[in-house]
Amino acid sequence: MSYLKERPINKSWSTDKVSEESYSKKHPIDESWLTNKVTEDTVQYAEKLAQHLSEGSKNEKIQALTTTQLRKFFGAVKQLQMNVELYGYQESELVMLKPKLAYAAGRCHKNNSSFQTFKIDDFREVIDKAIDIVNHSTDKDLAFKNFIQFFEAIVAYHKVYGQDN
């Protein structure tokens, strides 16, 4: 019997079952933004997403995505970008960003039990979908380049809307 079959899996923050009210369900990412080119719509989506991610409320038990959480993941993305420039696109490296983000979400849930809603979950859903789009693209180099630009736009707008967190 495999390890995964024996081990109970905590699906409380899983993106396998996206709830009806989730951000990515209400505002799906357009695949063409990554597979073709970054457009004004892409930038507007990144701005709205960053604004949404930066909104939190202790009274409503909603934890915003912190600058630290975002920058940590952004660092991993930029490291991957440098590796791609040196060695070419490696699908496995991009896919491994998913468990890194899952780990961050898991830590957030575990360490902040007073909150009921975590914006890192919405961020994870959108980025997981973007990674899937890149990996299923026929031109992975272009899609990866567009993914980087999309991610940079999210970081920039999060700086504008985010609190000093």
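Student: Before we start, what does contact mean here?
Tutor: Contact means heavy atoms within 4.5 Å. The model we are looking at is a predicted one.

Student: Thanks! Which residues of α4 and α8 meet?
Tutor: On the α4 side they are Tyr45, Leu49, His52 and Leu53, and these meet Lys119, Asp122, Phe123 and Val126 of α8. Sorted by class, the residues of this contact are five nonpolar, one polar and two charged.

Student: How do the axes of those two helices cross?
Tutor: Helix α4 covers residues 40–54 and helix α8 covers residues 119–135; their axes come within 9 Å and cross at roughly 155°. That crossing makes α4 roughly antiparallel to α8, because angles over 145 degrees count as roughly antiparallel.

Student: Let me step back a bit. How many helices and strands does the protein have?
Tutor: There are nine helices and two strands. Read from the N terminus, the order of the elements is α-α-α-α-β-α-α-α-β-α-α.

Student: And what share of the residues count as buried?
Tutor: The protein has 165 residues, and 42% of them count as buried.

Student: What is Asn135 in contact with?
Tutor: Setting aside neighbours within four places in sequence, Asn135 is in contact with Tyr89, Glu91, Leu94, Val95 and Lys140.

Student: Now the core. Which residues of the largest nonpolar core touch the most other members?
Tutor: That core has 41 residues, and the ones that touch the most other members are Leu94, Phe123, Ile127, Phe144, Phe147 and Phe151. The elements that give two or more residues to this core are α3 (32–35), α4, α5 (67–87), α7 (97–111), α8 and α9 (140–161).

Student: Which of them gives the most?
Tutor: Helix α9 does, with nine residues.

Student: What does Phe144 touch?
Tutor: Not counting residues up to four places away in sequence, Phe144 touches Leu80, Gln81, Val84, Tyr89, Leu94 and Val134.

Student: How do α5 and α9 pack?
Tutor: Their axes are 11 Å apart, at an angle of about 155°. They are therefore roughly antiparallel to each other, and α5 passes α9 in a left-handed crossing. On the α5 side, the contact is made by residues including Thr67, Leu70, Arg71, Phe74 and Val77. Among the α9 residues in this contact are Phe147, Ile148, Phe151, Val155 and His158. By class, the contact of α5 with α9 divides into 12 nonpolar, three polar and three charged residues.

Student: Where is Arg71, and how exposed is Arg71?
Tutor: Arg71 sits in helix α5 and is partly exposed, with a relative accessible area of 46%. Arg71 and Val155 are 84 residues apart in sequence, while their C-alpha atoms are 7.6 Å apart in space.

Student: One more residue of α5: is Ala76 buried or exposed?
Tutor: Ala76 lies in helix α5 and is buried, with a relative accessible area of 18%. Apart from its neighbours within four places in sequence, Ala76 is in contact with Leu97 and Lys100.

Student: Last one! Does Val160 count as buried or exposed?
Tutor: Val160, found in helix α9, counts as exposed at 59% relative accessibility. The C-alpha atoms of Val160 and Gln51 are separated by 8.3 Å, though the two residues are 109 residues apart along the chain.

How values were computed:
Residues numbered from 1 in each chain as written. Predicted model: local features only at pLDDT ≥ 70, side-chain atom pairs only at ≥ 80, totals over all residues. Heavy atoms only, no water. Axes fitted to C-alpha atoms, helices over the stretch in contact; angles between N-to-C directions. Helix = DSSP H or I, 4+ residues; strand = E, 2+ residues; numbered from the N terminus. Parallel < 35°, antiparallel > 145°, perpendicular 65-115°, else oblique. Nonpolar A, V, L, I, M, F, W, Y, C, P; charged D, E, K, R; others polar. Core = buried A, V, L, I, M, F, W, Y, C linked by side-chain atoms within 4.5 Å. Buried < 20%, exposed > 50% of the residue type's maximum accessible area, 1.4 Å probe, protein only. Left-handed = near helix turned anticlockwise from the far one by under 90°.
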